Amino acid sequence: MGNYYDELFKLCGFEDEEIKKERHRIEASFERLGIGPEDMDTADSWVRQNHDVSLEGVRKLLGAWLKELIDLVLAKDEGKKIVYFGFPAIIGPGLMLSASSEEVFVSAPDMVLDHTMGQIFNKLTPILEAGETNGLPQGHALCSLWQAKIGGIAKGMIPVPDLALASSYYCDMGSKADDLVNALYGVPIAYIDGVMDSKWGEYPKYLPERVHYLGAQINQALEKAEKILNIKIATDAWERSQKDSGPFRANLVKLVELMRADPVPISICELELLEALSGSSTGRGIREGIKAMEILLIELEKRVKAGMGVTKKGAPRVMVRLGHTSDPRVTRLIEDVGLAVPLTFILGSWGGVKVKPKGNYNTPGEVIADYEMTGGYYYGTEAQIKFYEKAIELMKLDGFIAQYLYNCRPVATISHAQKKYLEEKTGLPVLALEIDNFDSRAYSAASLRTKVETFAEMLKAKKQH
Amino acid sequence: MKALEKLDSHLKTRLPDLNKAKEGHKIIGYSAGGYLPEELVLACDAIPICFIQAGNNAILRDAGAYICRWFDPFWRSQIGYLTSGKDPYYNIVDLIVVPITDNHVRAFSNTLGYYTPEVESFVFGVPHVKDKIALDYYLKGINRLKKKLEDFTGIEITDYRLKQSIKLCNRERELFREISLMRKSDDFAVDSKDFVALNHGSFIADKEIMIDILELFIQEIKDSSPLPKDDPRILFTGSTLVRGDSKVMGIIEDSSGAIVMEEFAEGIRPYWGKVKTDGYLMANLAESYFMDRICPGWFRPGTERLNYLVKLAKEYNTAGLIWYQLMYRESYKVESYFFPGILKKETGLPMLVLESEYDAMETGPMKTRIETFIETIRR
C-alpha cells in the first residue's frame, strides 16, 4: 500500500521496490525532520520548478541526495559511528575512513540538508534560524553552511557526530565552529591543519614543506580517528577509495566533453547536484550518484545529437564558480537571462584542467596533500584565479561570472583581484558577483537579477558585433 | 610622565630619523600579530617596523578598491594604507614581511603580492595548531626568513649577533612584564592607556631607546600615587588593539572602569616569554614565539587562550571582562558565544561583547553598553 510520500520519491528517481524497502527508514527520518503530508505539494512543485525532471538522471541524482539524507538522519539509530567534515574539504581522509569500516558514516551534513531540506522540501529557513540562535548569529558574515549544520543538530534533525574532521587548512570559521560543536556537545575534533602561505606569483610551484605539513596533519587526524572510532584504517584504504570514486571522476571528464556542445545540454542547476555530491558524500550518496551520472550521460548524448539544449544555440557562454546549494533559482537566473553555462570551477577542476602532482611521497597524507596543492583550491587565492584563466583552454567561453561568497573568507579573498586579473589576461568580460551560495534569504535571485541581466545584455551585444 | 614624553618626542622624529638611517640600514616592515621575531631583523643590523595603525574608518574606503567589505577592518586598513601610502611607514620600508595567520592576513598578503608587486615582500605561515609538526613548520618558516634577511641585507646572522639581539628583546619583554605585573596589586599606578601607548610605541621605536623609556617609566611609576581603588577592575581582551583605535578604552576610562590587563593578539606585544640564549637559537625563537606564547583566537582549539583568560581574570582580581572584537573576525565571534558560560562557571564574572568596524557611529551605543556594564559590576 502506498503512502503520502510515494509520488515525491518516484519523482526523485526511487523505484517502487526501493520505496517499499526503505519505507520504515523514510518514515523514521521524516519524523525526525518534521516532514509530513502537508509538505508534499510544496516539495513536488518545488522540485518540478527547479529541476529538469524530464531527465531520469536528474531524478536519480535527487534520489541519491535523499538516500544520503536518510542515512545521515538515522546513522546514530542504526549504530553507525558518525564523522562530519566541512564543505569544501579535502575529501581523501573521509573517503579513507569510509572505505575502512562499514560501521562508519562520513558526510558533510550541511550540504545534505541544503540539497534536500533546501532544494527538495524548501524547509531550510527554520534550520538556518536555529543555527543563528545557537552561536552563529546573522549580520556577521558567518557561514550559512555552518548555520545549517549547527541548526540541524540543535533541532535534533541530524545526530551529534562521534568525531569532527576540521578543515583547518582552509577555513578559519569552520574550524572554530567545530570548537563550538565541541563546547556545546563535547564532540572530539581531529584538526587537519595547513597554511596557505605561498607568495603571490609562485603558483603552480609550492614548497615541499607545505606538503609535508599538511600530509603529516592528515596522517595524524587519521590516527586520531582510528582511536576515537575504534577502527583500523585499511592499508589499501586510499587506493580503494580512489577506485570507488574513480568512475565519478571519469564521468565528469565525459561530461566536460558533452558540455562543449552548443547549445549546452544541461542546466548548471543539475550539474550542481552532482558536483556537490562528490564533495559531500563518501557513502551511498556517491555510489548512487555514479549510477545517476551514467544514466544522465546517455540522456545528454542524445540531447547533443538532437541539438537540444537549455539555452538558445549561439548563446554567450560563461564559466561560473558554482551553483547555489539550497535554492536553484539563484543559479537558474543566469540561464534565464540567456547565458549558457558550460563550465563550473568544480567541473573544470575534476574533469578538465590539470597540474601534475610532484609525486615522490610515501604516506597517504602526503600523497593527498600533494594532489590537493596542484588542484589549486587549497593552495590559495592565486591558484583559484589562475584556474579560471586556464579554463579557457578547456572550453570556448565568452565571459566569466566569478562569484565570491561574502560569508566565506577563503573565497572572498578573490573578490576584486579575480576580475582585474581575468580581464587583463583573457580579454574576456568578468562579472564579480557577491553572493551567499548556501542561503538565499539575503542574496536572492531577485536581488541579483539586475546585475546578471545587464552583464548578459553586454555579452550578447558583444557577440553580435 | 617623562617617559611618555620621551616616547612621544622620539616618535615625532622617527620618520625623519628612519630616512637618515636608510643610508646604512635596511628597514623591514612587518604585519601585526607577534609572530615575527624582531631578533632576526636586529641581528642583521636592520630596523624592524610593525604596521599597527588603524581605527580610522575613512581608510576602509581606500581598501574598498581592492577587497570586499567582509574582512576584519584592521586588515582592510592595512590594505588601504599599503595601497594609498597614507601611512608613511609603508612608504619608508625596504621589505615587507607577512607572517600569515588567518584568511584576513592572507587578504592583505594577496594585495601586497598582486597589486603592489614593486614592493619587495616575504611571507611565511603560522600554523593554527600547537604540536611538534606545527612547531617544525614555523621553525622552517623563520629559517627561510633568516636566509632572506641575510641575502637582503648582506649581513650574516651569526650566533653571536642573534644572541645579542635576543638579549635586547628579552630585556624589552622583561620590562613590559614588570610593568604589567604591577597591576596585580590593589595599589597600582599604571594607567592602561599608558601601558598600551608604550606597547604601540615599541613597534615603531628604536629598540634601545625604547628600553630606556621603559626603564624610566618603571622608575616613575614606583614614585607615583596609586590610581583610585574604587573603579571596577576590568580584563580587556580581543583580537586587535592598535594605534589609533582608542575609542573603547576611552569610553571605559570615562565610565570609571579600570583596565588592569589587556590580552590582544594584534597590537599588544607578547611579553610573557623569554627566549633562551643557549643551544640552537633559531629553535629557541620558534619555541618562544610559537609554542610558549598563548595562542590567539584563530588557533584551534582555542582552549589554551580561554583558560588563560580565566586565569588572568582570577589573578588580576577583575570584576568583569570586556571582549572587544572587530567585525568579521569569525574566530573571535564564534568564541564570544560560548566563552561567557565558561567564564561565569569558572569565575562567576560577567562578560560584555563589543564589536567595531572603526565607525564613529558606534560610539553612542558602545558608551551606553559600557556604562551599563560598569555600573552593573560596580555593585
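How many residues of chain A are in contact with chain B, and how many of chain B with chain A? In this predicted model, 41 residues of chain A touch 37 residues of chain B.

**Where chain A meets chain B**

- On the chain A side, β3, α9 (172-185), β4, α10 and α18 (409-412) each put in at least two residues.
- The top contributor there is α9(A), with 10 residues.

- Four strands of chain A make an open sheet in the order β2-β1-β3-β4, with parallel pairing.
- β2 (104-107) and β4 (189-193) of chain A sit at the edges with a single partner strand each, so one side of each has no neighbour in the sheet.
- From one strand to the next, the twist averages 15 degrees.
- Within this sheet, β1 (residues 81-85) and β3 (residues 163-168) of chain A pair in the parallel sense over 3 bridges, and A:V83 stands opposite A:L163 in β3(A).
- Helix α10 (residues 208-229) of chain A packs on the sheet and touches β1, β2, β3 and β4 of chain A; its direction makes about 170 degrees with that of β4(A).

**A helix pair in chain B**

- Two packed helices are described by the angle between their axes and the distance between the axes.
- For α9 (residues 159-181) and α11 (residues 207-222) of chain B, that's an angle of about 25 degrees, with the axes 10 Å apart.
- Angles under 35 degrees count as roughly parallel, so α9(B) and α11(B) are roughly parallel to each other.
- The crossing of α9(B) past α11(B) is left-handed.
- Residues meeting here include B:L168, B:L175 and B:F176 from α9(B), and B:M210, B:L214 and B:F217 from α11(B).
- The contact of α9(B) with α11(B) splits into 10 nonpolar, no polar and 5 charged residues.

- Most residues other than glycine have a negative phi, and most peptide bonds are trans.
- A:F87 and A:P88 are joined by a cis peptide bond with omega about -5 degrees; A:P88 lies in the loop between β1 and α5 (92-100) of chain A.
- Chain B has a cis bond from B:R300 to B:P301, with omega near -5 degrees, and B:P301 is in the loop between α13 (281-292) and α14 (303-315).
- A:N230 isn't a glycine, yet its phi is positive at about 55 degrees; with 11 C-beta neighbours inside 10 Å, A:N230 counts as exposed.
- B:D45 isn't a glycine either, and its phi is positive at about 60 degrees; B:D45 is partly exposed, with 16 other C-beta atoms within 10 Å.

Terms used
Residues are numbered from 1 along each chain as its sequence is written. Chains are lettered from A and ligands numbered from 1 in the order in which they are written. This is a predicted model: local features need pLDDT of at least 70, side-chain atom pairs count only at pLDDT 80 or more; totals for chains, interfaces and linings use all residues. Two strands pair if DSSP finds at least two bridges between them. Axes are lines fitted to C-alpha atoms, for helices over the stretch in contact, and angles run from 0 to 180 degrees between N-to-C directions. Two residues are in contact if their C-beta atoms, placed from the backbone, lie within 7 Å. Angles under 35 degrees count as roughly parallel, over 145 as roughly antiparallel, 65 to 115 as roughly perpendicular and the rest as oblique. A crossing is left-handed if the near helix is turned anticlockwise from the far one by less than a right angle, and right-handed if clockwise. Ala, Val, Leu, Ile, Met, Phe, Trp, Tyr, Cys and Pro count as nonpolar, Asp, Glu, Lys and Arg as charged, and the others, Gly among them, as polar. A residue is buried if 20 or more other C-beta atoms lie within 10 Å of its own, exposed if 12 or fewer, and partly exposed in between; C-beta atoms are placed from the backbone.
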